[in-house]
Amino acid sequence: MSEITDAQAFPMRGIPQPTRESVLNLPRVRISQHPVIVHKITLLRDKRTSPPEFYRLVRELGALLAYEATSDLRLEPVQVETPLESMTGGRLAGGVGIVPILRAGLGLAEGFRQVLPDAAVWHLGLRRDERTLEPIEYYNQLARSTNLQVCFSVDPMLATGGSAIDALNILKRYGVPHLRYVALIGAPYGLLKLRQAHPDVPIYLAALDERLDDRGYICPGLGDAGDRQFGTL
Ligand code: PRP
Ligand code: URA
């Protein structure tokens, strides 16, 4: 068996990273300041939070982020009969797509679906190679749909940015329009890379952390979002 080299075990060692302050004001990046989101993210970070509790919190945060990331969607007028009289209300113009990046994106997508039950859900499987930190695509259930007002790519962790960039590359190749990217916690390194690779895609985060460690984990972070949701630690 071949030995694992230091470069494979610690792929981020020696790689310069931007500071948190230097990426705070990048264009089309929204980092939530909502007190309920901060409260729930703090519970999520706690190493004592059990997998069922962790999954419940990710779902709740998904619903809260869906609320924030849909605040500017377009409406079209629709006539409605109330028990008292007729009036003109509004309904979302065009469809909504949700793309969970497997597997950690599943909990966030569930939260999005609570707010947007009519949304189409397309699964995309990307796994990060622990030695190179390069994403590997292993599952794809995307559909070519252009009749969307918006399509959310959802994944809890934006670390090196490799998975997010790849996911958006794939969605663009499928011709999916009006993309938005939503994550719980971002690292400055991945946020900058993603902003540079896809300057047109709005980014919504619940929190922006300090840095990546030598293995590419977000610090202080919450650990491995997939393992903690599904109890595979
Ligand atoms: C995690 C996370 C992202 C990716 C982020 O997934 O959910 O998809 O890592 O890292 P990056 O920004 O450096 O690409 P992981 O590959 O661990 O798979 P999982 O969801 O199956 O746990
Ligand atoms: N993926 C995770 O689940 N956590 C990290 O900190 C980085 C990548």
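How do the residues of the shell around ligand 1 divide into nonpolar, polar and charged? I began my notes there. The model is predicted. I counted five nonpolar, five polar and five charged residues in that shell.

**Entry: ligand 1**

I listed the surroundings next. Ligand 1 has 15 residues around it. The closest are Arg128, Asp155, Thr160, Gly161 and Ser163.

I then looked up polar side-chain atoms facing oxygen atoms of the ligand. Aspartate 155 places one 2.5 Å from an oxygen atom of ligand 1. Threonine 160 has a polar side-chain atom 2.6 Å from a ligand 1 oxygen. For serine 163 I read 2.6 Å, again from a polar side-chain atom to an oxygen atom of ligand 1.

I checked how much of the ligand is covered. On its own, ligand 1 exposes 500 Å², and the protein buries 90% of that. I also looked for its site: ligand 1 sits in the largest pocket.

Which elements give two or more residues to the shell around ligand 1? I found β6 (124-128), β9 (157-158) and α6 (162-173).

**Entry: ligand 2**

I turned to the second ligand. Around ligand 2 I noted Arg128, Met157, Ala159, Gly216, Tyr217, Ile218, Gly223, Asp224 and Ala225. By class, this shell holds five nonpolar, two polar and two charged residues.

The contacts I looked up here involve the backbone. A polar backbone atom of isoleucine 218 is 2.8 Å from an oxygen atom of ligand 2. Alanine 225 also has a polar backbone atom 2.8 Å from a ligand 2 oxygen. Glycine 223 meets a nitrogen atom instead: a backbone N or O atom lies 2.8 Å from it.

Ligand 2 has 230 Å² of accessible area on its own, and the protein covers 89% of it. The space that ligand 2 takes is the largest pocket.

**Entry: aromatic pairs**

How many aromatic pairs does a search of the whole structure find? I got two. I wrote down one of them, tyrosine 55 with phenylalanine 230. Their centres are 5.8 Å apart, with 50° between the planes, and the pair is tilted.

I then placed both rings in the fold. Tyrosine 55 belongs to helix α4 (residues 51-69) and phenylalanine 230 to helix α8 (residues 225-230), so the pair ties together parts 175 residues apart in sequence.

How values were computed:
Residues are numbered from 1 along each chain as its sequence is written. Chains are lettered from A and ligands numbered from 1 in the order in which they are written. This is a predicted model: local features need pLDDT of at least 70, side-chain atom pairs count only at pLDDT 80 or more; totals for chains, interfaces and linings use all residues. Side-chain values use heavy atoms; hydrogens and water are left out. A residue is near a molecule or strand if one of its heavy atoms lies within 4 Å of it. A polar contact is a pair of N or O atoms within 3.5 Å; within protein, one must be able to donate a hydrogen and the other to accept it, and residues adjacent in sequence count only if both atoms are side-chain atoms. Accessible areas come from the Shrake-Rupley method with a 1.4 Å probe; for residues, only the protein chains shown count as cover. On a 1 Å grid over the protein atoms alone, a cavity is a set of points where a 1.4 Å probe fits but cannot get out, and a pocket is an open set with protein on both sides within 12 Å along at least five of seven lines; lining residues have an atom within 4 Å of a point. A molecule sits in a cavity or pocket if more than half of its atoms lie within 2 Å of its grid points. Helices (H or I, at least four residues) and strands (E, at least two) are DSSP runs, numbered from the N terminus. Ala, Val, Leu, Ile, Met, Phe, Trp, Tyr, Cys and Pro count as nonpolar, Asp, Glu, Lys and Arg as charged, and the others, Gly among them, as polar. Rings of Phe, Tyr and Trp (its six-membered ring) pair if their centres lie within 6.5 Å; planes under 30 degrees apart count as stacked, over 60 as edge-to-face and the rest as tilted.
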